[in-house]
Amino acid sequence: MDKLGLVRDIDLALHLPLRYEDETRLTLLRDARDGQTVQVEGVVRDNRIEMRGRRQLIVKLDDGTGEVLLRFLNFYGSQQKSWAPGVRLRVRGELRLGFFGREMVHPTVKVVRDDTPLAEALTPVYPTSAGLPQAYLRKAVAAGLARAPLDDIIPAHLLPARWPSLREALHFLHHPSPEVSVAALEDHSHPAWQRLKFEELLAQQMSQLQARMERAALKAPVLQTRPQGLHERLLGVLPFALTAAQQRVCTEIAEDLARPQPMHRLLQGDVGSGKTVVAAIAAAIAMDAGWQCALMAPTEILAEQHFRKLVGWLEPLGVKVAWLTGSLKAKTKREQLALVASGEAQLVVGTHAVIQDQVEFARLGLALIDEQHRFGVAQRLQLRRKLESAELEPHLLMMSATPIPRTLAMTYLADLEVSTIDELPPGRTPIVTKVFADTRRPEVIERIRDEVAKGSQVYWVCPLIDETEESDQAADEKAGRASNKRPPLDLSNVTQTHQELSEALQGFGVGLLHGRLPAAEKADVMARFSSGELSVLVATTVIEVGVDVPNASLMVIEHAERFGLSQLHQLRGRVGRGAVASVCVLLYASPLSDTGKSRLKAMAETNDGFEIARRDLDIRGPGEFMGSRQSGAALLRFADLVEDQAMVARARAAAEQMLSQYPQAAQRHIARWLGNKSEYLKA
């Protein structure tokens, strides 16, 4: 039960059926059609064990209008005795035509008497885990439903009059009458479902708004800009001018930093929109005010890209930048930790190593998290708790190149301010995306030969079972996580492709990059590709974010159907970063699933990250989109963010009213629905 999260009585009451079985009526065999799922009742005429490749129990059942064979491939000896000739059985299953007449394979079976009554309501079928039978779960849910406090907490004037009470809604959904529309149950349009969805959204919205109010009561350092300050000097040495969108979000962030409450802002922008320079300007404002900054990225390659850019921009202005990853040698790590602890390092850049216990900041004023959705919710919570101090809490700026659709932002990010860079820097060339079956692989390799002969560079991306940076793994181990439980790593695809392209493109440099290479070797491969020494880089998804080589104009993504839509868009963003027209080729293996077709179609139709995000939400759902799967708990179980947009707005308005006018009822409602999950909604 614990695996299902069924700890409290209310958890059992809210564990709703996946579907229902109709055991309220009997069908005569003479009236039943093949392919129909029916419940029939009759007397056993014969049972026997037959050998047809394997042992099978065959039971012949007669209901007075016809006969049906019940076939069991898995059975106990006691069942053959219980279902002896002359015994009356009530069975439910799919009726089909077999070699020896009509049959049911593994129907549900109940021994009955002539006067055994039929069920009065539809029978619920619950989500379950291995080894937990439906009968046990039904009994537990019924007991939890009877014990759970289901009094109505929400004031009546905030609810439509046509909706049932919470108790009525739950009793109905666990045991609906057979007359109810099955379609209304399955599409969640019944008023009982509407009540539950609203209750869930209200709890979620109140939790988010409460987090916002709690944060408003906290104190943070006031980081004000000053004339001719570090941020203005940084703008003066940059080799490019900020776009209007970058200027706008810089102003929004600067205004937040100047307040005595901690900033809690998400900076989102499409691939290549220039988020790093905005983060650098925010860091410059904080450092100019005498405070330290920390920037955490999910992979060592991305962290190193940030490190190189920030060092290039800030060190000439007198800023000391420290580097922290799990792959550092012990002596180097001690030196870097000392720089951070003393405050000599004004800016700290790294991976998960930034949140290890031994890292102590002298005066941390601003925390930056890049690609925040790629960190688990628990990791983001760990960072927030680590950075808290007794008196002041640092400002927090999270960045994402996966734009968040508006409805999702209203729901999952209600306690965040959101800044959006909705403009790409000038000079970025549009990327043409082509979708080919993998049977055209030789043709694609010939195209690569033509491109590298002209001086262009090419990425070839291969899928991998488990792609995790070595540095991140080391950091995880030191943080006490069980990294030895990862699935086995299969590098055969990427190494074979590297060998194939090396042979096909003799005379041109072909590099190999994946997350399990030693850090020094990865850095060397990337440096050689960036300098143009390597013409082709065969890689796994370690190049998904942060890699910036303007001369690369062709990307091939092998087995593109295995990648998520957001990931495909991120990978595609590695090309088109210079003045040369760029192409992204998506190779797929047949047959394609419906999801695979939807992803590849979206990639071919648009380069707009916001449209990609909208379609990705439709395909994947909000839990995976936001990274909440990593928390181990789905944050919304009943409401649908696409179908229930109007209800989200209604729940938000009701949440504001309840928190201000009925604070005790609001806390009871949050505790009922979220328990300790409310912390995850604040991450």
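Let's start with one residue. W323 is buried, at 14% relative accessible area. One thing to keep in mind: this is a predicted model.

What does W323 pair with? Its partner is F307. The ring centres are 5.1 Å apart and the planes sit at 45°, so we call this pair tilted. F307 belongs to helix α10, W323 to strand β12, so the pair ties together parts 16 residues apart in sequence.

Seven aromatic pairs occur in the structure. Take F240 and W313. Their centres lie 6.4 Å apart with planes at 70°, so this one is edge-to-face. F240 is in the loop between α7 and α8, W313 in helix α10, and 73 residues separate them. Buried or exposed? W313 is buried, at 15% relative accessibility. F240, at 37%, counts as partly exposed. Elsewhere, ring pairs join W193, F638 and W673 into a cluster.

Charges meet rings too. R440 lies over the face of F436, 3.9 Å from the ring centre. R650 has its charged end over the ring of W163, at 5.9 Å from the centre.

Now helices. The axes of α7 and α9 come within 7 Å and cross at roughly 145°. From α7, the contact uses L230, H231, L234 and L235; α9 brings residues including A280, I281 and D288. By class, that contact has eight nonpolar residues, one polar and one charged.

Last, confidence. The average pLDDT is 84, and 87% of residues score at least 70. Helix α8 has the highest mean of the elements, 96; helix α15 has the lowest, 38. Residues 465–489 fall below 50, yet this stretch has 57 contacts beyond near neighbours in sequence.

Terms used. Residues numbered from 1 in each chain as written. Predicted model: local features only at pLDDT ≥ 70, side-chain atom pairs only at ≥ 80, totals over all residues. Heavy atoms only, no water. Axes fitted to C-alpha atoms, helices over the stretch in contact; angles between N-to-C directions. Helix = DSSP H or I, 4+ residues; strand = E, 2+ residues; numbered from the N terminus. Contact = heavy atoms within 4.5 Å. Nonpolar A, V, L, I, M, F, W, Y, C, P; charged D, E, K, R; others polar. pLDDT = per-residue confidence, 0-100. Phe/Tyr/Trp six-rings, centres within 6.5 Å; stacked < 30°, edge-to-face > 60°. Buried < 20%, exposed > 50% of the residue type's maximum accessible area, 1.4 Å probe, protein only. Lys NZ or Arg CZ within 6 Å of the ring centre and 35° of its normal.
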